[in-house]
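The sequence and the coordinates come first, and the description follows.

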Amino acid sequence: AKKEGLNQAVYYQESQQHINYSRQIVLENDLRSAIERDEFALYYQPQVNVRTKQIEGVEALLRWEHPEFGVVSPAEFIPILEDTDLIIPLGEVILIKACMQQMEWVKKGLPPVTVSVNISPVQFKPGIIINAVKKAIRKSGIKPQFLNLEITEGMLIHNVKETHCILTTLNEMGIRVAIDDFGTGYSSLSYLKQFPIKTIKIDRSFVKDIVMDNQDRAIVKAIIEMGKSLNMDLVAEGVENVQQVKVLKDEGCHFLQGFYFSKPMSNREVEQQLQRWIDLKESIKWE
Ligand code: C2E
Ligand code: MG
Ligand code: MG
Ligand code: MG
């Protein structure tokens, strides 16, 4: 019976692999038309200021509503977009959309939020990213200081000269740059000092067990202290419960992002959240 079970397991694994493999092929084939059919949507996850408890930023996160599979995670399709360079035109559309959305909220009289956009290494070339950002600013009218680009550590060291050129140009334009998933990649700390980087996002793998695990807490504490001494903003990602909020607050983290506050939401839901906050403030004034 044991042997049979094992065989069954093997068989199951194989058929699973087959399913995953064909799913991958279907996704690859469908990506091009997905762009044309406008199946992509941007969702937004709030970033909350620890001190004011207000939503002061949102991170734009891409969603693909596949006609057959439903919502597909970017972890699954971004690599395909990168392999095919489709991320370059789509990345530009994402930047434009996110900036236009930010301006739409501003025009509706909602409190201005910073919008963070994830940038792929494939887009991170002077000719590509600078043009895309300029276009997004021109088309949307967003104030540059409300646009934040999230890049990863690896992108800093990949081509130092090119990176320096991109980051100084962005900085001169008034655009903010954040290091995403900080602590998981390779980066030389000296680059943090050399390059105009405004924000560090502490990876959620350190936040996950921060309440119980003293080593994780020590790492987070060290990142926060280093960031602060370099005059940077600190954002913790993946905050899921109030105990984590308390520890991160005690350690002096500035902004928190995670399911505890909110999942990534549609633009309408964000609007309602921001509106609710205004209503609350209005009511306080009348009390
Ligand atoms: P990221 O930039 O590190 O984004 C944070 C991810 O963590 C998001 O996953 C978000 O939904 C998830 N998350 C947020 N709060 C929590 C929490 O409390 N607990 C847990 N377990 N997870 C949380 P998502 O949306 O699936 O995105 C995955 C990655 O895909 C992103 O990681 C980013 O690297 C990439 N990505 C997403 N949108 C874009 C995009 O427009 N362009 C590019 N180039 N990459 C994108
Ligand atoms: Mg990010
Ligand atoms: Mg992240
Ligand atoms: Mg991440």
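D181 is partly exposed, with a relative accessible area of 24%, where buried means under 20% relative accessible area, exposed over 50%, and partly exposed in between (1.4 Å probe, protein chains only). The model is a predicted one, in which local features need pLDDT of at least 70 and side-chain atom pairs count only at pLDDT 80 or more, while totals for chains, interfaces and linings use all residues. Residues are numbered from 1 along each chain as its sequence is written, chains are lettered from A and ligands numbered from 1 in the order in which they are written, and side-chain values use heavy atoms, with hydrogens and water left out.

E59 belongs to strand β2 (residues 55–66) and D180 to strand β6 (residues 176–182), so the pair ties together parts that are 121 residues apart in sequence; helices (H or I, at least four residues) and strands (E, at least two) are DSSP runs, numbered from the N terminus.

Both E59 and D180 are buried, the relative accessible area of D180 being 7%. When neighbours within four places in sequence are left aside, D180 is in contact (heavy atoms within 4.5 Å) with E59, N118, E150, I151, T152, K201 and E237.

## Salt bridges

A salt bridge is a side-chain nitrogen of Lys or Arg within 4 Å of a carboxyl oxygen of Asp or Glu, and by this rule the model has 12 salt bridges. E76 and R23 form one of them, at 2.6 Å from N to O, and this pair links distant parts of the chain, with E76 in helix α2 and R23 in helix α1 (residues 2–36), 53 residues apart. E76 is partly exposed at 29% relative accessibility, and R23 is likewise partly exposed, at 22%.

In the salt bridge between E150 and K201, the closest N and O atoms are 2.8 Å apart. E150 lies in strand β5 and K201 in strand β7 (residues 199–202), so this pair ties together parts that are 51 residues apart in sequence. Both partners are buried, E150 at 2% relative accessibility and K201 at 1%. K246 and D250 form another salt bridge, their closest N and O atoms being 3.0 Å apart, and both residues lie in helix α10 (residues 242–250), four residues apart, about one turn of the helix. Salt bridges that share partners also join E59, E150 and K201 into one network.

Helix α4 (residues 126–140) has 15 residues and reaches 21 Å from its first C-alpha to its last, close to the expected 21 Å, a span defined as 1.5 Å times one less than the number of residues. Its buried residues are I129, I130, A132, V133, A136, I137 and S140. Seen down the axis of α4, these fall within an arc of 160 degrees, so they line one face of the helix, the arc being that of the directions from the helix axis to the C-beta atoms. This buried set packs against α3 (87–107), β5 (147–152) and α6 (160–173), whereas the face turned away from the buried side carries the exposed residues G127, R138 and K139. G141, which follows α4, has a positive phi, near 80 degrees.

In helix α2 (residues 74–83), the buried residues are P74, F77, I80 and L81. They cover an arc of only 140 degrees around the axis, which puts them on the same side of α2, and on the other side A75 and D83 are exposed.
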